Every structure is written in structure tokens, then in C-alpha cells.
Amino acid sequence: MEHEIDIKGLRAELGVTQSQLADALGLDQSTISNWENGHQKPRGPARKLLASITKADFARSGAAA
């Protein structure tokens, strides 16, 4: 069984907004919101990207403080 990903906690750790995370994953902001609110769960490629995303991914684009 796959472990739950704390999306909101991940965003806080990375210092990014829902929109910034969505852009990095190629998704809509509403998808991130649905994940955080438990309406949907990340699956497949999105799960893998979430597991590997780091602050450096945002530093290149200037998104993280």
C-alpha cells in the first residue's frame, strides 16, 4: 500500500503556492486543491514527481523564496 503524501506540508517545506506546484507538475491549481482537501489523490506520474520534487526545482525558476 502506498503511503499518503502530505501535499500541503510538502508545499510549506518547498515554500510554494498551489499554483506554483501545479505549474511545476503540469497540472491545474484546482487539482492541487482537491488533493489537499482529500477530494482526490495523486496517482501515477504525479505521485512520482511529488516524491522527487525539491526546492532546487523551484529555485531555478525563482518560485521559491
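Predicted model: local features only at pLDDT ≥ 70, side-chain atom pairs only at ≥ 80, totals over all residues.

The protein contains 5 helices and 0 strands, and along the sequence its pattern reads α-α-α-α-α. It comprises 65 residues, of which 29% count as buried. As for contacts between residues at least 6 apart in sequence, 58% of them join residues at least 24 apart.

Let me now turn to helix H3, which spans residues 29-36. Which of its residues are buried? They are Thr31, Ile32, Ser33 and Trp35. The cover over these buried residues includes helix H1 (7-14), helix H2 (18-25) and helix H4 (44-52). After H3 comes glycine 38, with a positive phi near 80°.

In general, a pair of packed helices is described by the angle between the axes and the distance between them.

I take H2 and H3 to begin with. Their axes come within 8 Å and cross at roughly 110°. H2 is therefore roughly perpendicular to H3, since angles of 65 to 115 degrees fall in that class. The crossing of these two helices is right-handed. On the H2 side, the contact involves Gln18, Ser19, Leu21, Ala22 and Leu25, and these meet Gln29, Ile32, Ser33, Trp35 and Glu36 of H3. By class, the residues of this contact divide into 5 nonpolar, 4 polar and 1 charged.

The next pair is H1 and H3. Here the axes are 8 Å apart and the packing angle is about 120°. That angle makes H1 oblique to H3. From H1 the contributors are Ile7, Lys8 and Arg11, and from H3 they are Ile32, Trp35 and Glu36. This contact has 3 nonpolar, no polar and 3 charged residues.

What, then, of the nonpolar core? The largest one has 13 residues, and those touching the most other members are Leu21, Leu25, Ile32, Trp35, Leu50 and Ile53. H1, H2, H3 and H4 each supply at least two residues of this core.

Leucine 21 deserves a remark of its own. Setting aside neighbours within four places in sequence, which residues does leucine 21 contact? They are Ile7, Arg11, Val16, Ile32, Leu50, Ile53 and Phe58.

Glutamine 18 is also part of helix H2. Is glutamine 18 buried or exposed? Its relative accessibility is 18%, and the threshold for burial is under 20%, so glutamine 18 counts as buried. Not counting residues up to four places away in sequence, glutamine 18 touches Arg11, Gln29, Ile32, Ser33 and Glu36.

Finally, I come to phenylalanine 58, which is located in helix H5 (residues 55-59). Phenylalanine 58 counts as buried because its relative accessibility is 2%. How far apart are phenylalanine 58 and valine 16 in sequence and in space? They are separated by 42 residues in sequence and by 8.1 Å from C-alpha to C-alpha.

Thank you for your attention.

Key. Residues numbered from 1 in each chain as written. Heavy atoms only, no water. Buried < 20%, exposed > 50% of the residue type's maximum accessible area, 1.4 Å probe, protein only. Helix = DSSP H or I, 4+ residues; strand = E, 2+ residues; numbered from the N terminus. Contact = heavy atoms within 4.5 Å. Axes fitted to C-alpha atoms, helices over the stretch in contact; angles between N-to-C directions. Parallel < 35°, antiparallel > 145°, perpendicular 65-115°, else oblique. Left-handed = near helix turned anticlockwise from the far one by under 90°. Nonpolar A, V, L, I, M, F, W, Y, C, P; charged D, E, K, R; others polar. Core = buried A, V, L, I, M, F, W, Y, C linked by side-chain atoms within 4.5 Å.
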